[in-house]
Amino acid sequence: MNKEFVDDTPTVLIVDDNPNNLKIIALILRALKYKIIIATNGEQAIELLNQSRPDLILLDIMMPKLDGSETCKIIKSKKENENLPIIFITALNDPDSIVKGFAVGGVDYITKPFNKNELISRVKTHLELKRTRDELQHTTEHLSKLNSLKDKMFSVIGHDLRSPLSSVKMTLEFLTQIVDKDDDISENLHIMLKTTDEVFGLLENLLGWAKSQSGNLSVQPEIINVEDVVNSVYLLNKGNLNLKKIEFKSEMEPETTAFCDLNTIKTVMRNLVSNAIKFTPENGIITVESKKQDEKIILVVKDSGVGMGPETIEKLFDPTQHVSTYGTNREPGSGLGLLLCSDYVRKNNGRIWVESEINIGTCFYIELPSKESI
């Protein structure tokens with residue numbers, strides 16, 4: 001841990017070959033309860049710096065052998081001294097010397113003879129700036145460690161939970177096919193499958209959102225057959241569609257293609273179809289269709305569900321709002337799916353919007369680049 005977080009008393013290193021200047025500055029700063037270290041030349045200053053780690057250096061420009069500019073250059077060449085403020089002491093009115101001092105890493109200068117109030121003001125200002133920078137750096141490093149820990153945690157969750165959940169889901173789907181529908185166990189199997197689907201969907205959304213927000217999401221656009229994506233999503237949700245006796249219609253134009261990332265768009269469609277199932281009552285209808293418009297492809301997911309009012313629609317894609325309601329069969333929701341859809345569509349250079357009427361149904365629209373727009 002840095003010294004600043006252990007001892008709040010600042011340490012100032014004064015470097016000057018003139019003993020009178022050293023005495024004057026030391027007297028002024030000791031009155032402020034600062035710890036004072038004194039060096040009479042550049043070589044000694046560098047040696048003391050490595051031993052004491054001061055918070056600020058007052059450095060005379062005109063010194064024999066190693067002058068102030070060269071001393072500053074050597075000090076600033078080390079990474080650990082990047083945030084160490086160096087204020088030059090000069091009797092020169094030559095602006096070139098002052099500019100040279102700034103060029104090698106100085107942050108300010110004071111002129112001889114000293115003005116007490118000016119000296120105190122400049123020292124206080126740069127000590128406070130250094131403290132702020134150090135605290136910011138400490139916080140940034142801490143947040144970076146937490147972020148790395150979070151990424152590692154999500155990676156472990158993704159690896160250790162996704163695989164067994166997938167196995168459970170596949171086993172339950174198989175059992176629902178072979179067990180007699182009139183058997184008492186059949187209903188329990190369907191409930192278990194439904195719950196597993198919900199947990200699996202939530203896990204996928206959480207991992208996807210975390211990856212997207214951390215900046216680790218890799219989007220690789222390519223020409224994809226959108227009808228294949230819809231068929232894949234249908235098979236994934238077939239069990240829940242059958243459970244609610246919902247009719248699924250695919251009205252895709254032949255050979256519909258889009259230029260986008262397969263995995264993210266598949267996640268978008270999975271979420272939209274899953275939501276449509278959730279908010280469509282039994283014996284309802286869900287339709288997925290596509291159409292070309294200029295150099296764009298528009299996908300539509302339409303349901304005959306409960307619909308939404310304007311006040312709910314306004315909040316759907318707003319990350320500062322939390323929209324989570326139960327489905328028609330009390331299916332829970334996290335409110336995360338549509339935020340993920342919006343983020344993924346935007347990363348694919350597309351846009352998403354919705355139209356809905358209460359007790360009539362909802363239409364989600366996704367606009368994506370088509371093959372012709374490459």
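What is the accessible surface of the protein, and what share of it belongs to carbon and sulfur atoms? The accessible surface comes to about 20,600 Å², and 53% of this area belongs to carbon and sulfur atoms.

**Figure 1. Overview of the predicted model.** The secondary structure of the protein consists of 10 helices and 12 strands. The protein has 374 residues, of which 42% count as buried. Among contacts between residues at least 6 apart in sequence, 70% join residues at least 24 apart.

**Figure 2. Crossing of helix 2 and helix 3.** Helix 2 spans residues 42-52 and helix 3 spans residues 68-76. Their axes come within 9 Å and cross at roughly 25°. Angles under 35 degrees count as roughly parallel, and helix 2 and helix 3 are therefore roughly parallel to each other. The crossing of these two helices is right-handed. On the side of helix 2, the contact is made by G42, I46 and L49; on the side of helix 3, by T71, I74 and I75. By class, this contact has 4 nonpolar and 2 polar residues, and no charged ones.

**Figure 3. Crossing of helix 8 and helix 10.** The axes of helix 8 (residues 262-278) and helix 10 (residues 337-347) cross at roughly 145° and come within 9 Å. The crossing of helix 8 and helix 10 is left-handed. Helix 8 contributes T264, T267, V268, N271, L272 and N275 to the contact, while helix 10 contributes G337, L338, L340, C341, Y344 and V345. Sorted by class, the contact of helix 8 with helix 10 has 7 nonpolar and 5 polar residues, and no charged residues.

**Figure 4. The cis peptide bond between K112 and P113.** The peptide bond that joins K112 and P113 is cis, with omega about -5°. P113 lies in the loop between strand 5 (108-111) and helix 5 (116-178).

**Figure 5. R53, a residue other than glycine with positive phi.** Phi of R53 is near 50°. R53 is found in the loop that runs between helix 2 and strand 3 (56-60).

**Figure 6. K65, in the loop between strand 3 and helix 3.** K65 is not a glycine, yet its phi is positive, at about 60°. Its relative accessibility is 83%. Exposed means over 50%, so K65 counts as exposed.

Methods. Residues numbered from 1 in each chain as written. Predicted model: local features only at pLDDT ≥ 70, side-chain atom pairs only at ≥ 80, totals over all residues. Heavy atoms only, no water. Axes fitted to C-alpha atoms, helices over the stretch in contact; angles between N-to-C directions. Helix = DSSP H or I, 4+ residues; strand = E, 2+ residues; numbered from the N terminus. Parallel < 35°, antiparallel > 145°, perpendicular 65-115°, else oblique. Left-handed = near helix turned anticlockwise from the far one by under 90°. Contact = heavy atoms within 4.5 Å. Nonpolar A, V, L, I, M, F, W, Y, C, P; charged D, E, K, R; others polar. Buried < 20%, exposed > 50% of the residue type's maximum accessible area, 1.4 Å probe, protein only. Areas by Shrake-Rupley, 256 points an atom, 1.4 Å probe, with all protein chains shown as cover.
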